[in-house]
Amino acid sequence: SKTFISQVSIAHTRWATHGVPSVVNCHPLRSDPANEFTLVHNGIVTNSAELRLVLQKRGYKFESETDTEAVAILTKYIYDTQPDKRANFTDLVKTVLKELEGSFAFVFKSWHYPNEIVTARRGSPLLIGVKTEKKLKVDFVDVEFAGDPTEAKPDLRTY
């Protein structure tokens with residue numbers, strides 16, 4: 001019943017790979033009750049159980065059973081504890097991706113970086129839709145391609 005006017009939004013249509021299909025396990029997932037970081041994810045983070053244990057030992061609380069939430073909370077943890085890694089949203093996401101194993105595609109959003117999203121993929125497909133009232137000209141979209149496309153590095157894009 002609410003209307004939102006947003007410059008950037010994220011969505012994902014799937015049930016979580018980890019945990020049963022339920023409201024708590026569906027996307028987007030958040031880093032904390034204040035929604036500092038939210039993300040959607042396609043794929044699997046194979047070291048999410050290890051990340052979850054480390055983050056729980058550091059006092060972070062989990063609401064779901066998903067690997068996606070582990071990445072959201074890891075993003076908040078790095079933001080909170082490594083101020084030098086948060087110069088911009090892309091740098092923060094690059095730092096997070098270095099800790100992940102698996103095949104995935106992500107869309108990251110944060111109120112710390114208004115009107116920005118960062119996408120990243122390693123192995124899994126990623127589709128981005130842009131809605132405009134006018135004919136789309138993509139010159140304004142700042143796209144950063146990371147590294148050699150033949151290497152198994154994540155593919156990063158900042159919008």
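A residue counts as buried when its relative accessible area is under 20%, as exposed when over 50%, and as partly exposed in between (1.4 Å probe, protein chains only). By this criterion, buried residues make up 41% of the 159 residues in the protein chain. The model is predicted: local features need pLDDT of at least 70 and side-chain atom pairs count only at pLDDT 80 or more, whereas totals for chains, interfaces and linings use all residues. Residues are numbered from 1 along each chain as its sequence is written, and side-chain values use heavy atoms, with hydrogens and water left out.

**Overall arrangement**
- The protein chain holds three helices and five strands, taken as DSSP runs (helices H or I, at least four residues; strands E, at least two) numbered from the N terminus.
- Along the sequence, their pattern is β-β-α-α-α-β-β-β.

**Helices H2 and H3**
- The axes (lines fitted to C-alpha atoms, for helices over the stretch in contact) of H2 (residues 67–81) and H3 (residues 89–97) come within 10 Å and cross at roughly 120 degrees.
- In this pairing, Val71, Leu74, Thr75, Ile78 and Tyr79 of H2 meet Leu92, Thr95 and Val96 of H3, contact being heavy atoms within 4.5 Å.

**Nonpolar core**
- A nonpolar core is a set of buried Ala, Val, Leu, Ile, Met, Phe, Trp, Tyr and Cys residues joined through side-chain atoms within 4.5 Å.
- The largest such core has 27 residues, and Val71, Leu74, Phe89, Leu100 and Phe106 have the most contacts inside it.
- H2 gives the most to this core, with eight residues.
- Beyond its neighbours within four places in sequence, Phe106 contacts residues including Leu39, Val71, Leu97 and Val118.

Technical notes: Axes fitted to C-alpha atoms, helices over the stretch in contact; angles between N-to-C directions.
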